[in-house]
Amino acid sequence: MELDKARGVSLEIVTVNYTEEKVQTEDIFNQTYLVIKPIQTSVFPSRILMEEIPKIAVNNPNPISPKGESFKVNSLYAGLTGQLANTWMLSNKTFQAFKSDELTATNATFGKNLGVTVGADITQKIGVKSEFMWISQNKQDYNEYINGKYVSNSLEINYYTLTLQAKYLFREKLRSHYILFGSYFGIMQSATQSISGVSSEISSDYRNLDYGLILGYELPIHLGSGLKFSPGVSMKYGLVNIFMGNETIPHYLNRTQNASFNFSFTLSYNLF
């Protein structure tokens with residue numbers, strides 16, 4: 001009787017010896033065969049093992065690694081993602097406009113982001129994901145006096161954006177709840193300014209590269225057949241001054257950083 005320490009059950013090794021014997025058999029063609037039966041060793045589970053197997057299945061639902069630690073098989077998924085973004089271009093002008101005695105007013109602006117996502121669950125609680133947005137808008141609207149007229153002044157910068165994020169399962173009750181943290185990198189596609197409906201190209205006033213931090217929350221909902229719908233919210237904050245300056249204002253007098261509050265929706269499929 002030997003004890004399998006990894007599983008806490010016993011195995012009973014039974015050795016059955018057979019001597020070589022000649023057995024003559026005849027088939028329908030009256031041919032004679034010689035059958036040799038060598039010594040055999042068989043391993044049979046003991047009664048203790050048979051009784052413990054159901055208990056092991058219930059008490060240890062996860063596989064057991066060689067070190068005795070539980071693990072979960074990795075999974076990979078890919079899909080489409082979109083966001084409705086409340087965007088801000090944070091500058092002295094933006095903050096001053098919130099004061100009641102200022103003649104300039106800052107308006108809430110909304111843009112859209114659309115792209116693809118790919119991610120992986122490394123462990124039961126930790127995962128990573130990346131998003132590539134081929135549409136990523138940052139906008140800011142003002143009402144202000146320009147040349148003696150009170151007009152609308154709208155800025156819009158479009159980017160290609162790549163995000164890299166880690167996610168952590170902080171609560172699992174009925175549904176999984178994930179915290180997201182990571183960074184983003186954006187390459188400018190275009191920048192335009194519209195004053196009372198008249199648009200002009202201002203790409204030379206802004207940097208081609210933007211980058212910053214992301215903090216968010218995600219609630220994945222499994223739909224079956226490998227499909228998953230994941231609504232969430234996130235906040236992006238740029239770390240770089242995107243304003244390059246122009247003939248009127250130098251870059252250090254109009255420091256501008258991108259920021260946004262995003263409502264996201266992702267539809268993904270588990271590849272494995």
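Q: What makes Tyr-150 count as buried, exposed or partly exposed?
A: In this predicted model, Tyr-150 has a relative accessible area of 44%. Because buried requires under 20% and exposed requires over 50%, Tyr-150 is called partly exposed.

Q: What makes Tyr-145 and Tyr-150 an aromatic pair, and why is the pair called tilted?
A: The ring centres of Tyr-145 and Tyr-150 lie 4.9 Å apart, and rings pair if their centres are within 6.5 Å. The planes stand at 55°, and since stacked needs under 30 degrees and edge-to-face over 60, the pair is therefore tilted.

Q: Why is the pair of Tyr-206 and Phe-243 called edge-to-face?
A: The planes of Tyr-206 and Phe-243 meet at 70°, with the centres 5.6 Å apart, so the angle passes the cut-off of over 60 degrees and the distance falls within 6.5 Å. This pair links distant parts of the chain, 37 residues apart, with Tyr-206 in the loop between β12 and β13 and Phe-243 in the loop between β15 and β16.

Q: How do you know whether Tyr-206 and Phe-243 are buried or exposed?
A: Tyr-206 has 8% relative accessibility and Phe-243 has 3%; buried means under 20%, so both residues count as buried.

Q: What makes Lys-236 count as lying over the face of Tyr-184?
A: Lys-236 is at 4.6 Å from the ring centre of Tyr-184, where the limit is within 6 Å.

Notes: Residues are numbered from 1 along each chain as its sequence is written. This is a predicted model: local features need pLDDT of at least 70, side-chain atom pairs count only at pLDDT 80 or more; totals for chains, interfaces and linings use all residues. Side-chain values use heavy atoms; hydrogens and water are left out. Rings of Phe, Tyr and Trp (its six-membered ring) pair if their centres lie within 6.5 Å; planes under 30 degrees apart count as stacked, over 60 as edge-to-face and the rest as tilted. Buried means under 20% relative accessible area, exposed over 50%, partly exposed in between (1.4 Å probe, protein chains only). Helices (H or I, at least four residues) and strands (E, at least two) are DSSP runs, numbered from the N terminus. A charge sits over a ring if NZ of Lys or CZ of Arg is within 6 Å of the ring centre and within 35 degrees of the ring normal.
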